[in-house]
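Let's walk through this structure together, one piece at a time. Keep the 3D view open as you read.

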Amino acid sequence: MTDTTDIKKGLAGVVVDTTSISKVNPETNSLLYRGYPVQELAASLSYEQVAWLIWHGELPSEAELAEFTARERAGRALADNVKAAIDLTPTSAHPMDVVRTAVSVLGANDPQTADASREANLAKSERLFAAIPAIVAYDQRRRHGLDVVAPRDDLDYSRNFLWMTFGDEPSDAAAEAFRVSMVLYAEHSFNASTFTARVVTSTLADLHSAVVAAIGALKGPLHGGANEAVMDVFDEIGSADGAEAWLDAALAEKRKIMGFGHRVYKNGDSRVPTMQAAFEKLVESGEFRGAGGAEVPADRGPELVALYHRLADAMDAKKSIKPNLDYPSGPAYHLLGFDTKTFTPLFVAARVVGWTAHVMEQLEANALIRPLSQYVGPDERHLGE
Ligand SMILES: CC(=O)SCCNC(=O)CCNC(=O)[C@H](O)C(C)(C)COP(=O)(O)OP(=O)(O)OC[C@H]1O[C@@H](n2cnc3c(N)ncnc32)[C@H](O)[C@@H]1OP(=O)(O)O
Ligand SMILES: O=C([O-])CC(=O)C(=O)O
């Protein structure tokens, strides 16, 4: 008999390397980016400042930020062959498939793809950071038969993202909710997609290959795909009054409730209160829309907030399982006007910062990632026996 007792399925509880990028601490329910609590960063810094911090380890000086911002603004427009690649994918394709394909083309285009120096990887990370919003916006618009909206270099990252998607200037509340979501999603240690990026990097493959693979890992509903799945659940339940009965039935069918639970946090995700507050502020502002930017009745926001709390309370009462970040970000993205299937690409736009920081960290002290497995197949046998 094979002894499988030492196997850590899913690498649960296994520490596989060190990192200085972020610290996820379930005991204190905290998340630090380069030592700073994420709540502090989300309260006052732009997403551009946080991206710099994650990549470089320190906040940018005024001059560094101005130069980075200028490069980011200059790199927002998509090359023709990226647009053509998007146009070649059917509009029935999942937007994550479109982003994955477009990022692959960015890798093929990039003049520094084969250069693995830290300098080149930083430059490529900045270029990806600048281009991904245009990919997401282009794809959502073409699905609605709308013309592409050119980027505006007088708007910051968050406002420009919303401008390119909807073709009008966002309200302060909308830009703020979006910015907060980007900061909160930017980095989270050795989650499945980041680990994927590090595995690919450990073979000395290029940065774009690592990011394409990470996008694939993020798509699954047990990871980033949960933010869109949360919205599907809200649509399925309908209104707050249906939450308890829906949950009873779903749990009886042994369904996993999307947006709840976490591999590391067992007493709640440290990012949820901040994102929940941003979602509720967006609703209070009254400046929200429905999927595809559609006009929605004024009670749509408060109804979603009520449903959000009823389902979370019921889940807590029945299973003591708390929401993760995908739970508040799903309805927030809905009220910002994004199509449900575009939610996980928004996670890509944010997490590309963490992924690329980990690619650079992996290369600083690389070791091929190649674990062992316990063989449980047939004993040796031979043809003709
Ligand atoms: C940003 C992010 O990527 S956060 C994660 C987003 N993913 C989701 O929201 C998907 C829903 N959640 C889940 O599937 C899980 O909680 C995961 C995958 C996130 C974490 O999973 P694990 O750490 O492997 O926990 P595991 O699956 O072992 O769960 C432990 C117990 O809690 C239960 N449980 C955990 N999450 C849930 C959930 N969302 N709904 C119902 N039950 C759950 C499990 O069924 C299991 O019960 P059991 O011991 O009776 O079998
Ligand atoms: O850390 C994880 O396993 C998943 C997660 O919350 C994230 O990637 O943001």
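## A walk through the model

Let's begin with a single spot: leucine 204, which is found in the loop between H9 and helix H10 (207-219). Its phi is near 70°, a positive value in a residue other than glycine. Leucine 204 counts as exposed, because it has 11 C-beta neighbours inside 10 Å, and a residue with 12 or fewer falls in that class. Keep in mind that what you're looking at is a predicted model.

Serine 189, which isn't glycine either, has a phi near 50°. You'll find serine 189 in the loop between H8 and helix H9 (192-202). With 15 other C-beta atoms within 10 Å, serine 189 is partly exposed.

Now zoom out to the whole protein. Its secondary structure comes to 16 helices and three strands. The radius of gyration is 21 Å, close to the 21 Å that the globule rule gives for 385 residues, so the protein is as compact as a globular protein of that length. Taken along the principal axes, the C-alpha atoms fill a box of roughly 70 × 55 × 45 Å. Of the 385 residues, 43% are buried. If you look at contacts between residues at least 6 apart in sequence, 76% of them join residues at least 24 apart.

Next, how is the chain divided up? The domain assignment gives domain 1 (18-220 + 346-364) and domain 2 (226-336). Their C-alpha centres lie 25 Å apart. Where they meet, 23 residues of domain 1 are in contact with 23 residues of domain 2. On the domain 1 side, strand E2 (30-33), H1, H7, H8 and H16 each supply at least two residues. H8 gives the most to that side, with nine residues. By class, the domain 1 side divides into 16 nonpolar, six polar and one charged.

So what does H8 look like? This helix (residues 172-185) has 14 residues and reaches 20 Å from its first C-alpha to its last, close to the 20 Å expected at 1.5 Å a residue. Eleven of those 14 residues are buried, so H8 is largely enclosed by the rest of the structure. Among the buried ones are Ala174, Phe178, Met182 and Tyr185. The buried residues of H8 pack against several other helices, including helix H2 (47-56), helix H13 (272-285) and helix H15 (326-336).

Which residues are around ligand 2? They are His188, Asn191, His262, Arg263, Val264, Asn324 and Leu325. By class, that shell has two nonpolar, four polar and one charged residues.

Finally, head for glutamate 380, in the segment after H16. Is glutamate 380 buried or exposed? It counts as exposed, with 6 C-beta neighbours inside 10 Å.

Notes: Residues are numbered from 1 along each chain as its sequence is written. Chains are lettered from A and ligands numbered from 1 in the order in which they are written. This is a predicted model: local features need pLDDT of at least 70, side-chain atom pairs count only at pLDDT 80 or more; totals for chains, interfaces and linings use all residues. A residue is near a molecule or strand if its C-beta atom, placed from the backbone, lies within 6 Å of it. Ala, Val, Leu, Ile, Met, Phe, Trp, Tyr, Cys and Pro count as nonpolar, Asp, Glu, Lys and Arg as charged, and the others, Gly among them, as polar. Helices (H or I, at least four residues) and strands (E, at least two) are DSSP runs, numbered from the N terminus. The radius of gyration is taken over C-alpha atoms; the globule rule is 2.2 Å times the number of residues to the power 0.38. A residue is buried if 20 or more other C-beta atoms lie within 10 Å of its own, exposed if 12 or fewer, and partly exposed in between; C-beta atoms are placed from the backbone. Two residues are in contact if their C-beta atoms, placed from the backbone, lie within 7 Å. The expected span of a helix is 1.5 Å times one less than its number of residues. Domain bounds come from an automatic or database domain assignment.
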